[in-house]
Each structure stands twice: as structure tokens, then as C-alpha cells.
Amino acid sequence: MRYARRFVAGTLTAGALALSLTGCGNSVDPIERLGRKTAQDTASPSASPSVPAPAASSSATAGTAGDEAYRKWGLTAPVQYAPKPAQKPQLPKAAPGKAAVLDRIPVAPTEKVVFLTFDDGAEKDPEFLKMAADLKLPISMFLTDNVASADYGHFEKLRDNGSGSTINNHTLTHPNLRTLPFAAQKKEICGQQERLEKRFGKRPPLFRPPFGNYNDDTLRAAAECGAPTVVLWRASMQINDFQYAEGSALKPGDILLAHFRGPSELKGATETQMTTRMLQRIQDQGYKIARLEDYL
């Protein structure tokens with residue numbers, strides 16, 4: 001219970017923390033194929049674009065893989081996967097008529113699990129499809145229609161690879177929602193809900209606001225559009241390393257942000273190379289990967 005109380009307090013500043021991580025807006029230079037130039041590049045100059053290091057797996061359900069697929073992707077050991085929890089954590093309740101906000105899952109301090117989320121959908125690398133399938137990465141995808149819809153089939157393959165990955169809402173056109181009136185916000189959110197439902201047969205329950213920017217109108221619009229949970233993040237994967245909301249390390253229950261991006265946005269690195277580094281950083285800190293939806 002005390003973890004839930006602490007978590008509720010943390011979500012009060014979630015929007016500000018999301019902005020501090022630069023999120024969809026500024027995680028690489030140039031930021032993405034959606035506009036708005038980044039103010040900073042947080043890539044580590046010491047990391048080599050193709051140097052492998054520790055860790056990945058092949059079973060998103062629990063434990064590690066029996067095969068050695070991880071070696072194929074530049075990893076030296078299997079990624080550790082957390083099993084589905086026997087009991088879901090107590091999450092903060094939403095205010096009446098509004099969506100709840102999550103940026104970290106309230107787990108015990110000893111439960112070293114993190115959650116993978118990928119945004120936008122600009123890059124559609126077939127090699128990443130192979131990587132995610134080989135390693136059975138459980139990814140919660142947040143797709144923006146005006147970049148992902150050119151090939152929604154790519155993300156359908158990712159969803160259907162046996163990893164338990166899911167497809168969620170990241171608006172129609174990726175605007176800064178805080179600058180828009182309620183009606184315009186609702187159009188962005190509900191419009192993408194309808195397109196995703198028509199294309200994939202399900203109305204997503206999760207929504208992520210572009211750049212992590214939201215206000216009370218956003219939470220009300222998300223709830224009215226059938227997305228009762230707004231998902232933010234606590235660490236953002238850059239080209240070579242994480243950028244953290246607080247401190248310099250992962251914390252139990254952190255939701256991690258990455259993007260579907262390619263060499264033009266990643267300074268020559270590929271989506272698979274960026275993901276290899278992300279998995280390395282997770283393993284270096286002794287964490288397991290869990291499926292976000294198993295905890296909601």
C-alpha cells in the first residue's frame with residue numbers, strides 16, 4: 001500500500017518529468033519525422049555504434065531463452081524476463097471522468113523489473129521485426145497515424161510474433177496537446193482510437209500524449225475516447241544510453257521509452273543497434289523485462 005501512495009504522489013509531477021526526459025520531442029537530433037527540432041543531443045560520445053556488450057532472451061513469459069538468438073543480435077547473455085505477477089499492484093485511481101496517469105508501476109523496491117514501450121512508428125525496419133521475434137521482446141507500441149499508417153502491417157507483425165506486444169494510441173498527427181482546446185484534443189485521440197480499432201479490431205485502452213505533454217483536458221478526452229490509462233515514462237532511450245527522470249539509474253517499475261527510428265534520426269545507428277544497447281543497459285543494471293499489460 002505504501003508503494004501505491006508513493007506512486008500517486010509521483011504522478012502529480014509526471015508531466016513535468018516527462019518533459020525533462022525530452023520524450024518523443026527531443027530524444028535524438030533531428031528529433032523525428034514529425035516536426036519540431038531538438039534542443040539537445042544526449043548521445044554518449046564514448047559508445048560505439050556497433051560495439052556489442054551484455055544481455056537478451058527468447059521468452060517473454062518468464063526466465064531466459066533456451067536457444068542462443070541473443071548472440072545473433074550482438075548480446076553476450078540472454079535477457080531475463082519476469083513472469084506475470086501473481087497479483088497485480090495497486091494502481092492509483094483516476095479522478096472522476098478522467099484517465100489515470102502512470103509513469104512507473106508501483107512494485108516493491110526489490111522487484112527489479114522494467115517495461116519496454118516504443119513510440120510513433122516512423123521507422124519500419126524488417127530487421128527489427130526479426131530481432132523482436134527472435135528475442136520475444138514484449139513491447140507496448142504507441143502509434144501515431146500520420147507516420148505509422150503507411151505500413152500498419154509492419155506493426156501487426158510485431159504484435160503477432162508471440163511476444164505479447166500490443167498496439168496503443170499516440171494521436172493522429174503528434175501535436176503538443178497542451179496547446180489545443182478540448183475539442184481538438186479529443187479529435188486527435190478519438191480519431192486514432194477509431195482508426196486503430198478499424199485496422200486492428202480493438203480499441204486500445206492505453207494512450208500516450210506526444211512529448212509527454214498533457215493537461216486536464218487531455219485526461220478527460222482520453223477517458224471519453226475509451227483510453228482510461230495515460231502512460232508516460234521514467235527513462236528515455238537515446239542513441240547509446242538512457243536519459244533518466246531522476247538520478248542516474250533505473251528504478252524498479254520504470255516504464256522505458258524508445259522510438260521506432262532509423263539511421264537518419266539515430267546519427268547512423270540502426271533501430272536494432274539502438275535496441276541492443278538498451279537491452280545491454282537494462283542487463284548491466286540487473287533488471288528483468290516485464291510485459292506492461294500484465295501489471296495493469
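First, my burial cut-offs: I call a residue buried under 20% relative accessible area, exposed over 50%, and partly exposed in between (1.4 Å probe, protein chains only). This is a predicted model, where local features need pLDDT of at least 70, side-chain atom pairs count only at pLDDT 80 or more, and totals for chains, interfaces and linings use all residues. Residues are numbered from 1 along each chain as its sequence is written, and side-chain values use heavy atoms, with hydrogens and water left out.

**Positive phi**

Background for myself: most residues other than glycine have a negative phi, and most peptide bonds are trans. I found T171 in the loop between β4 (166-169) and α8. My element labels are DSSP runs numbered from the N terminus: helices are H or I with at least four residues, strands are E with at least two. Is T171 buried or exposed? T171 is buried, at a relative accessible area of 0%.

Next I looked at K267, also not a glycine, where phi is positive at about 55 degrees. K267 sits in the loop between β9 (255-259) and α10 (271-284). I get a relative accessible area of 49% for K267, so it is partly exposed.

**Helix pairs**

I describe two packed helices by the angle between their axes and the distance between the axes. Axes are lines fitted to C-alpha atoms, for helices over the stretch in contact, and angles run from 0 to 180 degrees between N-to-C directions. My angle classes: under 35 degrees is roughly parallel, over 145 roughly antiparallel, 65 to 115 roughly perpendicular, and the rest oblique.

I took α8 (residues 182-200) and α9 (residues 216-224): their axes come within 9 Å and cross at roughly 45 degrees. That makes α8 oblique to α9. On the α8 side I list F182, Q185, K186 and I189 as making the contact, and on the α9 side D217, T218, R220, A221, A222 and E224. Contact here means heavy atoms within 4.5 Å. I sorted these residues into four nonpolar, two polar and four charged. For that sorting, Ala, Val, Leu, Ile, Met, Phe, Trp, Tyr, Cys and Pro count as nonpolar, Asp, Glu, Lys and Arg as charged, and the others, Gly among them, as polar.

P126, F128, L129 and A132 of α5 meet H154, K157 and L158 of α7. I noted five nonpolar residues, one polar and one charged in this contact.
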